[in-house]
Amino acid sequence: MINPVIVAAQRTAIGTSFKGTIVNVEPADLAVPVISGLVDGVAGGRELIDDVILAESLHGGGVIARYAALEAGLTDVPGLAVNRHCAGGLSAIITAAGAIRSGERAVIAGGVQSSSTAPELRDRHDPDRPWLFESHRPTPDAPADDMSVTVGWNAARLGDISRLAQDEWALRSHARAVQAIQNGRFTAEIVPIEVSRADGTTTTFQVDEHPRSSTSIEKLTALRPLHAEIPGFSVTAGNSSGINDAAAAVLVAEPAVAQAQGWTAMSRILAATSIAVPPVRTGLAVAAAISKALDRAGLTPADVDLWEINEAFASVAIAATRALSLDEQRVNPFGSGCSLGHPVAATGARMVTTLTHELHRRGGGIGVAAMCAGGGMAAAMVLEGIG
């Protein structure tokens, strides 16, 4: 079987929704510079791109991928919209890998999220009520409109994960993200974008703005639980992911095409999968997705050098780490959702982008990106770095 290769991987910096630098930037305007950067970074790319696949969330009614492709000058390239909630960006790359195995030459895949500019949807039965189609039929232990309960709390409760463990994980996530930014670890993967200010001036946005260097265990443990009325509820704003805006994508290619064009392969996709469990166990599904993907690749957790497990909530990453007996030092070494933030549709592609750059920098190794998604879903991808 062909193992598609990733020859370029880029993203915007991650903004904080509603109050950050890119609150007024539409999703297509986030995606276009990323797509243009990927295409312009490889020789002959414009003539060989067969498709653009972008995950999107909260912006239904159009296909941002086609819009962004046109704006990036890819007039003859179609676009495909993907939505698998939090796992959308990762699923877009999985779809692209399948397209390469089916005969396509090169495909751009990723995701874009702008919660800040998302339209306020309305219930067709009650126009005065904000509404979004639910991921599953709600139950008392798995509401469809509150992931802090369905995902975060259930993962903590069923996984016997303490409040302190979650707060300590979140603190470490911030420390790692801040250090990664200070060390320039993300510089090569971030595409700077020009953003207009309200006063008419412009600024260059190129640094993730969600991580907090001032976070402390005292501040985290002092936060109120999001549901103080639920006995023992341990999920807080501090040990949950942020609400964020960003775009991320990779250029996936057929190996022979990449070689013929002289493109530098940074990583290869060995295996990937998506799974589903009952919604109440959404936060525990990541370990199962990882196991299935590793089995397809003929590998075990011991073979993996680097893990990106999305911190939709700290409890999710902790649950997967414990279930698979992973070395915590290798899990999210540059931060994740609690610190970098979680631009829903883009997060999976952000994880693959970061993994690809780091594995390539190391000259090889095995990396896994994995995450849960609303409604009891999860996805995982196994990558091999190429030096």
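This is a predicted model: local features need pLDDT of at least 70, side-chain atom pairs count only at pLDDT 80 or more; totals for chains, interfaces and linings use all residues.
Begin by selecting residues 27-40, which form helix α1. This helix has 14 residues and reaches 20 Å from its first C-alpha to its last, close to the 20 Å expected at 1.5 Å a residue. Colour its buried positions next, namely Pro-27, Ala-28, Leu-30, Ala-31, Val-32, Val-34, Ile-35, Ser-36, Leu-38 and Val-39. Ten of the 14 residues of α1 are buried, so the helix is largely enclosed by the rest of the structure.

To see the contact itself, show side chains for Pro-27, Ala-28, Ala-31, Val-32 and Ile-35 in α1, which meet Ile-64, Tyr-67, Ala-68, Ala-69 and Glu-71 in α3. The residues of this contact divide into nine nonpolar, no polar and one charged.

Now move to residues 285-297, helix α9, which has 13 residues and reaches 19 Å from its first C-alpha to its last, close to the 18 Å expected at 1.5 Å a residue. Its buried residues are Ala-285, Val-286, Ala-287, Ala-289, Ile-290, Ala-293 and Leu-294. To find what these buried residues pack against, select the strands β9 (267-276), β10 (306-309), β11 (366-373) and β12 (377-385), together with helix α10 (314-323).

Finish at Gly-298, which follows α9 and has a positive phi, near 70 degrees.

Terms used. Residues are numbered from 1 along each chain as its sequence is written. Side-chain values use heavy atoms; hydrogens and water are left out. Axes are lines fitted to C-alpha atoms, for helices over the stretch in contact, and angles run from 0 to 180 degrees between N-to-C directions. Helices (H or I, at least four residues) and strands (E, at least two) are DSSP runs, numbered from the N terminus. Contact means heavy atoms within 4.5 Å. Ala, Val, Leu, Ile, Met, Phe, Trp, Tyr, Cys and Pro count as nonpolar, Asp, Glu, Lys and Arg as charged, and the others, Gly among them, as polar. The expected span of a helix is 1.5 Å times one less than its number of residues. Buried means under 20% relative accessible area, exposed over 50%, partly exposed in between (1.4 Å probe, protein chains only).
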